[in-house]
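Q: Hi! Could you walk me through this structure, one topic at a time?

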Amino acid sequence: MSSRITNTVKSALGGAKKTVGSVLGNESMQASGKIQQAEAHASNVAARAEQQAKGVAHNVKGATQKTVGAATGNKSMEAEGHVNSARGDAERKED
């Protein structure tokens, strides 16, 4: 979550820099602001992708645990599978 806050701040500062550069006619400052916003956006996209991957991994692990637990009669493993599946679903829904 903290990386999202950092990226939001970085994007806002980039936007401000871009606007000030535009008002002052400073193309370098304006370009710097655009770059800062693009970097923040790219970091957010990467963070979301990483979170999605973690969610998918927990879903797969949970499904495997549920299947193996049910097949072997291991109720503890099956319950752990339900927990991991729920965790994966939650991770994949976070934004």
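A: Happy to! Lys54 counts as partly exposed, because its relative accessibility is 41%; buried means under 20% relative accessible area, exposed over 50%, and partly exposed in between (1.4 Å probe, protein chains only).

Q: What kind of model is it, and how is it numbered?
A: This is a predicted model, where local features need pLDDT of at least 70, side-chain atom pairs count only at pLDDT 80 or more, and totals for chains, interfaces and linings use all residues. Residues are numbered from 1 along each chain as its sequence is written, and side-chain values use heavy atoms, with hydrogens and water left out.

Q: Back to Lys54: which residue forms a salt bridge with Lys54?
A: That is Glu50, with the closest N and O atoms 3.8 Å apart. A salt bridge here is a side-chain nitrogen of Lys or Arg within 4 Å of a carboxyl oxygen of Asp or Glu.

Q: And how are Glu50 and Lys54 placed in helix H2?
A: They are four residues apart, so about one helical turn separates them. Helices are DSSP runs (H or I, at least four residues), numbered from the N terminus. Glu50 is partly exposed, at 47% relative accessibility.

Q: How many salt bridges does the structure hold?
A: Four. Among them is the one between Glu39 and Lys10, at 3.2 Å, N to O. That pair links distant parts of the chain: Glu39 is in helix H2 and Lys10 in helix H1, 29 residues apart.

Q: Are Glu39 and Lys10 buried, exposed or partly exposed?
A: Glu39 counts as partly exposed at 38% relative accessibility, and Lys10 counts as partly exposed at 27%.

Q: New topic: which residues of H3 are buried?
A: Glu78, Gly81, Asn84, Ser85, Gly88 and Glu91. Seen down the axis of H3, they fall within an arc of 140° (taken from the directions from the helix axis to the C-beta atoms), so they line one face of the helix.

Q: What do the buried residues of H3 pack against?
A: Helix H2 (27–72), with contact meaning heavy atoms within 4.5 Å.

Q: And which exposed residues sit on the face turned away?
A: Lys75, Ser76, Val83 and Lys93. Lys75 has a relative accessible area of 63% and forms a salt bridge with Glu78, the closest N and O atoms being 3.8 Å apart.

Q: Last one: which residues form the nonpolar surface patch?
A: Ile5, Val9 and Leu13, with about 280 Å² of accessible area together. Patch members have over 30% relative accessible area and no salt bridge; like charges are joined within 9 Å, and nonpolar side chains (Val, Leu, Ile, Met, Phe, Trp, Tyr) within 5 Å. Accessible areas come from the Shrake-Rupley method with a 1.4 Å probe, and for residues, only the protein chains shown count as cover.

Key
Helix = DSSP H or I, 4+ residues; strand = E, 2+ residues; numbered from the N terminus.
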